[in-house]
Amino acid sequence: MKTPMHRGAGPALALALTLALTGLATGPAASAKPTAVPTTVATAAAAAAPVKNAPPVARLALDPSTGPAPHRVTADGSGSTDDVAVQSYSFSWGDGTTSTGPQPEGTATHAYSAPGSYTVTLTVDDGAKRGTASQVVTVTAPDPTPAPDAPPTAAVTARPATGNAPLATEIDATASSDDRGIAGYAFDFGDGSETVQQPAAVVSHSYVTAGEHTVTMTVTDTAGQTATATTKVVVTTAPPPPAPAPLAPTTVSLTFDDSLAEQAPAVEMLQQRGLRSTLYVNSPRIGTAGYLSKAQLDAIVAGGGEVAGHTLTHADLAASSLGDAKRQVCNDRVNLLDMGYRVTSFAYPFGSTSAAVKQVVQECGYNSARGVADLLSPGYGCDGCATAETIPPADVWKIRTPQSVQSDTTLEMLKNYVTQAESSSGGWVPLIFHHVCEGCATNAVDTATLTAFADWLQQRPASTQVRTVDEVVGGTLKPGVTYVPTTDEVSGVTVGTATRVVDGTNSYRGTNMLVYYTPARGATTGTNVFGTEVAVVGGKVTKVEVSVGNMAIPRDGYVLSGHGTSNTWLRTYAKVGAPVTLRYGSP
């Protein structure tokens, strides 16, 4: 059973504890081994020991630490520290004035009226001890009294200052100045118009009436002071423009190549505007799918249009044998004459010709032959070329034209082909169209562009006329000349046991055609991939290529190239090793 501790035992117990802890007990027990003190008693004794109080650490900052008189500085001691707490801050300014503090705030301000170096002292107090820190503030002589703000200086000019109405001028006030800065500019142009104040020193203005106009410019500085300057702008009335030079007489021919069915509505649209066309057609195409019918051609002729020749199969005549060129040109014209057309004009497919081909065209009874290009064509080239063909043409067997109309030929480019001739020496401008559609081919014109061009042509002065090629060249209608191959020309071929007519030699390979290519053609046939080609050396098939095109022509042999039905025939009978025999003379 624990004995209760009496209140009066407290002092005696404390004394005993003190003697036990310090080893100062007297009497017999002092020399004995000290008795262990219970842990709880030692802890209580430690807790009762006093806490040590360190002096505070003062830290002082000045902002700004230097400046001209009068100089106001902020002293900051808030960075001071203490192991308990800083209770107050005092600031001595070092200029003989009363100190600031003690105060609970860690900052204070002070103004120095005279130049010098002053030591600012901070004293911090934690209630028992103090700490100090010092910094020097340097006050320099005061800044000199600033000069008074002068008003701005105004200056203004106009460029140009004279000219005919309407006159576009630039009013310039950049030469204005001010000692403290310009806030803005305002302009009165002297013609009833003005601007409000603006930061820009340069402004544009257009004078529409003649007279002497006084421009007044007002400049305002940052203090609101103003100054003005003036300048004169003299606007005169322009003399009437000279009468435009008369346009040189110009003839335009609207020509369409390749017998395409889509050309019929376009030609009809032109005829409705009184504009006649020349159509270069390939007689075997007439009435076949995708091409003009005879009824359509008859309607075109009835409306004043012209039907002209363009070879049987759109052959490349310069690359053809002489005999094949005669067959292509002469027999095509005979076909068209037999259909009842007046056929006097011819166009070379691809513009491809030679001196020998020109002679063929004459021998077949034509009065003219049209080439492609060789006139100035901005956007396509021929820089330095003439703007128009002469009338009569310089070479009636190769009539010059601008570049064939392409899908990127704009309405303005079409107009320019005409106006560049009208503005120079005039002459003849034959224009070449192929497809009439929206983006269907690289050599296409869309209906809207062609219609707009027709409307524009219809409004040209009387000195510009639209005529067919036959109307421009003239001449009598010559009889047709049927061409019959001679015995030294290839007219047919036998592969194995199957025989077929040869449609051309070294020429363009058209629809369903079988063409014979020799080394005279060149290194390759130049054909597209839509067909079959067979190399023959020593009278036997040595190679067959299907859907490849542009086959190499053997130097000691030849190539047979077929399209459509001829393609099918070659694939059926032309096997490597099969014998091949050429037939000469009439097919």
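This is a predicted model: local features need pLDDT of at least 70, side-chain atom pairs count only at pLDDT 80 or more; totals for chains, interfaces and linings use all residues.
## Briefing on local geometry and packing

At 12% relative accessibility, Asp-258 counts as buried, because the cut-off for a buried residue is under 20% relative accessible area.

**Backbone at positive phi**

- A second residue other than glycine with a positive phi is Asn-506, for which the angle is near 50 degrees; Asn-506 belongs to the loop between β28 (504-505) and β29 (514-517).
- Asn-506 has 5% relative accessibility and therefore counts as buried.
- Gly-365, which follows just after α6, takes a positive phi of about 100 degrees.

**Cis peptide bonds**

- Asp-63 and Pro-64 are joined by a cis peptide bond with an omega of about -10 degrees, and Pro-64 is located in the loop between β1 (61-63) and β2 (66-68).
- Ala-165 and Pro-166 are likewise joined by a cis peptide bond, here with an omega of about -5 degrees, and Pro-166 is located in the loop between β10 and β11 (167-172).

**Helix α6 and its packing**

- In helix α6, which spans residues 355-363, the buried residues are Val-357, Val-360 and Val-361. These residues lie on the same side of α6, because they cover an arc of only 100 degrees around the axis.
- The elements against which the buried residues of α6 pack are α5 (322-338), β19 (345-347) and β20 (368-374).

**Arg-370 in β20**

- Strand β20 contains Arg-370, which counts as buried because its relative accessibility is 1%.
- When neighbours within four places in sequence are left aside, Arg-370 is in contact with Thr-255, Asp-257, Tyr-280, Phe-346, Ala-347, Tyr-348, Ile-399, Thr-401 and Ile-432.

**The helix pair α3 and α8**

- The axes of helix α3 (residues 263-272) and helix α8 (residues 447-458) come within 10 Å of each other and cross at roughly 20 degrees. Since angles under 35 degrees count as roughly parallel, α3 and α8 are therefore roughly parallel to each other.
- The crossing in which α3 passes α8 is right-handed, and the contact is made by Ala-266, Met-269 and Leu-270 from α3 together with Leu-450, Thr-451 and Ala-454 from α8.

**A four-stranded open sheet**

- Four strands form an open sheet in the order β10-β15-β14-β12, and their pairing is mixed. The edge strands, each of which pairs on one side only, are β10 (162-164) and β12 (182-188).
- Averaged over this sheet and with direction ignored, neighbouring strands are turned by 25 degrees against each other.

How values were computed. Residues are numbered from 1 along each chain as its sequence is written. Side-chain values use heavy atoms; hydrogens and water are left out. Buried means under 20% relative accessible area, exposed over 50%, partly exposed in between (1.4 Å probe, protein chains only). Helices (H or I, at least four residues) and strands (E, at least two) are DSSP runs, numbered from the N terminus. The arc is that of the directions from the helix axis to the C-beta atoms. Contact means heavy atoms within 4.5 Å. Two strands pair if DSSP finds at least two bridges between them. Axes are lines fitted to C-alpha atoms, for helices over the stretch in contact, and angles run from 0 to 180 degrees between N-to-C directions. Angles under 35 degrees count as roughly parallel, over 145 as roughly antiparallel, 65 to 115 as roughly perpendicular and the rest as oblique. A crossing is left-handed if the near helix is turned anticlockwise from the far one by less than a right angle, and right-handed if clockwise.
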